[in-house]
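Work through the exercises below with the structure open. Try each task before you read its solution.

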Amino acid sequence: MAAREIDKRLEQLRAEGKQLYSISKLNTINTCPYQAYLNYVEHEKQKPNIWACAGSIIHDRLEGCLKGTNTPQDIKSAIDDELENFELLDIDFPLDKNGNPTIKNNWVANMTKFAKVFTPWIGHFDTEELVILPINDHAVMHGYIDVIQYNDDGSVDVIDWKTSSQFTGDHLIEAGRQLAFYTMALEAQGLRVRSAKWVMLKYYEASWVQKNGKVKVKVGEWRNFVSDCKSVMEKMLVGLGYDETDVDYILTNAEKHNAIPEELEGMIHVQPYVREYELTDEVKAETMQYIKDTIEKYETTKDWKPCDCKGNSYFCANLCGYGGKSGKCKHWVDYCDTFEKKSDDDEEDLF
Ligand code: SF4
């Protein structure tokens with residue numbers, strides 16, 4: 001995983017006494033002030049999180065694909081090699097509730113299928129571009145945009161790769177703030193942002209023309225592509241005159257390879273799912289308010305409370321670099337002690 005070099009523009013801002021913020025820092029402050037304290041005040045080292053590490057593997061290779069230094073095949077080899085390295089460092093996906101590596105297997109299946117179908121885009125792009133937006137006389141927001149696409153009409157598109165699950169409800173608003181911030185930062189530079197979108201790498205978008213002439217669109221996880229679309233494939237094959245035995249054979253083969261059967265090439269279009277996020281003035285205003293409010297909260301906080309879960313959530317156990325096996329968060333350690341004590345008591349009750 002390539003470490004990002006510190007940009008001279010950020011060094012300069014620090015030298016001028018500016019406080020640097022990013023969307024992820026603001027989100028940490030709001031999710032768990034104690035985590036923000038350990039990270040940004042105490043500079044306590046965090047145990048790397050597998051989701052961030054695994055996401056970086058994909059981001060790095062995708063950047064290489066757009067620059068011409070990698071091919072989509074490199075994504076698959078990097079997944080195999082680097083996940084093994086992370087495992088050796090005890091950075092691994094959580095097991096499911098039955099103790100099986102389903103979460104890892106699904107992640108690998110989705111990303112591997114994505115890598116198989118991904119065709120690097122052609123056009124004029126910048127990748128991992130630093131953007132900076134002053135908020136007040138001392139606070140400056142910064143971030144790195146995965147991809148800026150330059151369009152012929154002089155506008156740009158903001159593109160963010162996402163290896164996470166779909167965003168819904170409040171999570172959509174939270175995720176959207178990152179795109180809103182990037183957009184505001186680019187607009188402050190005088191650029192016209194035509195669109196902002198996520199490429200949701202875990203998902204496919206399949207489309208086909210129905211009998212009534214309307215286009216049907218389906219979105220799902222790559223690993224389930226053929227099983228999700230099996231019934232429509234079956235109807236198409238029957239429509240093409242294949243008998244039941246042939247249809248069974250063709251679909252079994254398609255499921256085995258999780259790919260469109262060649263008999264249906266051109267009838268079903270499948271591509272990585274791109275989700276555009278509409279950045280209205282209200283969305284941008286909400287984001288700016290969120291930025292200002294959170295900076296104020298951080299700069300005035302004296303009591304760094306843990307998140308509401310008080311150290312007992314999935315987030316603490318698996319996602320926070322101070323929880324789980326790291327044992328650096330006192331709230332997490334307290335919770336584990338209580339839990340163990342309770343287990344001991346329960347055991348005593350049994351006998
Ligand atoms: S383990 Fe939980 S309570 Fe502790 S710092 Fe992390 S998120 Fe906060």
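**Exercise 1: the ligand shell**

Task: sort the residues of the shell around the ligand into nonpolar, polar and charged.

Solution. The shell divides into ten nonpolar residues, four polar and no charged. Here Ala, Val, Leu, Ile, Met, Phe, Trp, Tyr, Cys and Pro count as nonpolar, Asp, Glu, Lys and Arg as charged, and the others, Gly among them, as polar. Next, take the membership. 14 residues surround the ligand; a residue is near a molecule if its C-beta atom, placed from the backbone, lies within 6 Å of it. The closest are Cys32, Cys316, Cys320, Gly323 and Cys329. Last, find the helices. H3 (33-41), H11 (314-319) and H12 (330-350) each supply at least two shell residues. Helices (H or I, at least four residues) and strands (E, at least two) are DSSP runs, numbered from the N terminus.

Two notes on reading the model. Residues are numbered from 1 along each chain as its sequence is written. The model is predicted: local features need pLDDT of at least 70, side-chain atom pairs count only at pLDDT 80 or more, and totals for chains, interfaces and linings use all residues.

**Exercise 2: the sheet around E3**

Task: state which strands pair with E3, and in which sense.

Solution. Two strands pair if DSSP finds at least two bridges between them.

- Start with E1 (residues 19-21). It pairs with E3 (residues 139-150) in the parallel sense over three bridges. Leu20 stands opposite Val140 in E3.
- Go on to E2 (residues 124-134). E2 and E3 pair in the antiparallel sense over ten bridges. Asp126 stands opposite Ile148 in E3. A hairpin of four residues joins E2 to E3.
- Finish with E4 (residues 156-162). Four bridges join E3 to E4, and the two run antiparallel. Gln149 stands opposite Asp157 in E4. Their hairpin has five residues between the strands, and Gly154 takes a positive phi near 90° there.

**Exercise 3: the nonpolar core**

Task: find the residues with the most contacts inside the largest nonpolar core.

Solution. A nonpolar core is a set of buried Ala, Val, Leu, Ile, Met, Phe, Trp, Tyr and Cys residues joined through C-beta atoms within 7 Å. The largest one has 67 residues, and Val158, Phe181 and Tyr182 have the most contacts inside it. Strand E5 (residues 193-209) gives the most to this core, with eight residues. Now follow Phe181. Not counting residues up to four places away in sequence, Phe181 touches Ile23, Leu133, Met141, Gly143 and Thr287. Contact means C-beta atoms, placed from the backbone, within 7 Å.

Methods:
A residue is buried if 20 or more other C-beta atoms lie within 10 Å of its own, exposed if 12 or fewer, and partly exposed in between; C-beta atoms are placed from the backbone. Two residues are in contact if their C-beta atoms, placed from the backbone, lie within 7 Å.
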